[in-house]
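Subject: Structure for your review

Dear colleague,

Please find below the structure that I am handing over to you. My notes on it follow directly after.

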Amino acid sequence: MELPSMRKRLIYWFCLSVVVVFVQISNAFYLPGSYMHTYSNGDPINAKVNSLTSIETELPFSYYSLPYCQPLGGIKKSAENLGELLRGDQIDNSPYVFRMNLNQSIYLCTTTPLNEHEVKLLKQRTRDLYQVNMILDNLPVMRFAIQNGVKIQWTGFPVGYTPPDGSADYIINHLKFTVLVHEYEGNGVEIIGTGEGGAGIISKADMKASGYEIVGFQVVPCSIKRDPEVMTKLHMYDNISSTNCPSEPDKYQPIREQERVSFTYEVQFVKSDIRWPSRWDAYLKMEGARVHWFSILNSLMVIFFLAGIVFVIFLRTVRRDLTRYEEMDKETQAQMNEELSGWKLVVGDVFREPDCSRLLCVMVGDGVQILGMAAVTIVFAALGFMSPASRGMLLTGMIILYLFLGIAAGYVSVRLWRTIKGTSEGWRSISWFAACFFPGIAFIILTALNFILWGSNSTGAIPISLYFELLFLWFCISVPLTLIGGFMGTKAPQIDYPVRTNQIPREIPSRKYPSWLLVLGAGTLPFGTLFIELFFILSSIWLGRFYYVFGFLLVVLLLLVIVCAEVSVVLTYMHLCVEDWRWWWKAFFASGSVALYVFLYSINYLVFDLQSLSGPVSAILYLGYSLLMAIAIMLSTGTIGFLMSFYFVHYLFSSVKID
């Protein structure tokens, strides 16, 4: 009676986990038009605030960690999906309230005299270039600046301002908002459906009335010193006179002890021809896009051309070798077998079980899981299903796909294990190992980094509740699916070797240089296909820019798969030609070594492109996340190279029979 009861419990927990996953999907999935709001004249519009961020440090902090004005009804957090929580987003309501098409100048509040701790915190956030990230109708606030005669756009506005001489620090306490609106015109009638009863039509009275859509949100930040005695006589949301941003530092609001800071804002509504579907174009526009496209295209074409030439020459060489052998008569073949050279000499050892075969099976299975997750995510993003309007959706989608692709990891790991061992014995341990290998590494790295974030009181720290949710999804979705995939692997047709393996392994001839040097050097060719795109990806992650050229990323991924496969096959053939039959791990790392160059490039990016990154804590966080990314790249690219090399070796030795 206990076994059916246990099965019922497992089914119950699995179904509950699936429900949790689909809740995350519903929170993250973006449908065009599902966020569209239309406002009428005078309708209130509430702005929200996100975490404070900086390009100088990777530690996000809560907006209300600084002495800002708070909303009348108290601070209320917005619902966050899995991706937003992992990214460190903390979206709260704010006291900034606008009314559609009503231009106003509003007083918010005056703080109590700043104490020593608040002054120190404000100066630190100002000098670390922290930005306030505000959101209106799901649009981030944008500001413009002129540098060397070039107009540059930024998202967010600074906490404060420090002049070049560093003589003082000034707080941004007055905001001049510009809200771009597009007038929406309702139709007289609308066909809402067809069926046996004909088209359903609603009347004008039931139609959506004309209104306005928010298509832009801009800000000009100012620092204005105001008389606190005068300002404290006002109430929150009282109207004040419009003011211009001062240009003299003596009129700025300084950050110092016992100062009382008054916060005010202005809002102006401007009609725009920008339509709702195009309102994100300004955020997704990339500076120097023409150079970006041509450099990427040139790099991809050169790498593809070189790899293609190597692969064609290699195919011709092997095919000619096989053709010459097949055209010989039996007597000549027998004589040739006594004078074999190159890859034909290792026929009795080429399929010998490699060292650490269990680990190899697990790494290949996890590589298939990661590669499948990346490919599906990029395809969906390239097709426009993952809009930046839905924050955290990309990360949430990747996690959900990874969970369900556990079935592929279990299947590949167990089937490779059966191929190497010739038996299904031990498939459960292989499946468990595959389900825990990469997630376990990620869990250890993220936990170590999370302790650093907790110690810094950063919003980037993962809440303890999210830890339990991730563990819940891991052990109740990914692990069962990996076990199911492993069971399917035991039932799949076995891959038989085309030749027998000798009992005594053949001695490998010594060489002047270690073969691993060639393996590590092979990773430079795959790295050449992605390093330019890697620069833009790192810039979007660490410099707060939007990345949305997923079409190019899809092309890079396809080319990377081709190059990894070619490089591993060529390296495998070279090792077999020098009678080195230990090709299994070398085929994996011939393409997987690209991860080493990715990690070294990340360090180079940290030193030369993130020079403003301040403090060892930020550097440790950066290196920790870069290490996790490099491990994922190693598993996925190594899997591509190994599977292609395995297919090549199997095909090569099944094409010619050598006794």
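Two strands are taken as paired if DSSP finds at least two bridges between them. The model is a predicted one, and the notes below should be read accordingly.

Strand pairing

By that criterion, strand 4 (residues 104–110) pairs with strand 17: 6 bridges join them, and they run antiparallel. One of the facing positions is Thr110, which stands opposite Ser262 in strand 17. Strand 13 (residues 174–184) is also joined to strand 17, here by 8 bridges and in a parallel arrangement. Phe177 has Val267 of strand 17 as its bridge partner. Strand 17 itself spans residues 262–271 and is mostly covered, with 7 of its 10 residues buried.

What surrounds Met134? Leaving aside residues up to four places away in sequence, Met134 touches Ala47, Lys48, Val49, Tyr96, Leu139, Pro140, Val141, Phe157, Leu175, Phe177 and Phe217.

The buried residues of helix 17 are Val594, Ala595, Val598, Tyr601, Ser602, Tyr605 and Leu606. They cover an arc of only 145° around the axis, and therefore lie on the same side of helix 17. The partners against which the buried residues of helix 17 pack are helix 14 (524–542), helix 16 (584–592) and helix 18.

In helix 15 (residues 550–577) one finds Ile562, which counts as partly exposed because its relative accessibility is 35%. Ile562 and Pro526 are 36 residues apart in sequence, and their C-alpha atoms are 9.0 Å apart in space.

Salt bridges

A search of the whole structure finds 12 salt bridges. Glu183 is partly exposed at 40% relative accessibility, whereas Lys271, at 57%, counts as exposed.

Glu353 forms a salt bridge with Lys421, where the closest N and O atoms are 2.9 Å apart. Glu353 lies in the loop between helix 7 (330–337) and helix 8 (357–382), and Lys421 in helix 10 (residues 406–421), so the pair ties together parts that are 68 residues apart in sequence. Glu353 is partly exposed, with a relative accessible area of 34%, and Lys421 is partly exposed as well, at 37%.

Are the residues of the salt bridge between Lys586 and Asp580 buried or exposed? Their side chains meet at 2.4 Å, N to O, and both Lys586 and Asp580 are buried. Finally, a network of salt bridges links Lys225, Arg256 and Glu259.

With kind regards

Methods: Residues numbered from 1 in each chain as written. Predicted model: local features only at pLDDT ≥ 70, side-chain atom pairs only at ≥ 80, totals over all residues. Heavy atoms only, no water. Contact = heavy atoms within 4.5 Å. Buried < 20%, exposed > 50% of the residue type's maximum accessible area, 1.4 Å probe, protein only. Helix = DSSP H or I, 4+ residues; strand = E, 2+ residues; numbered from the N terminus. Arc of directions from axis to C-beta. Salt bridge = Lys/Arg side-chain N within 4 Å of Asp/Glu carboxyl O.
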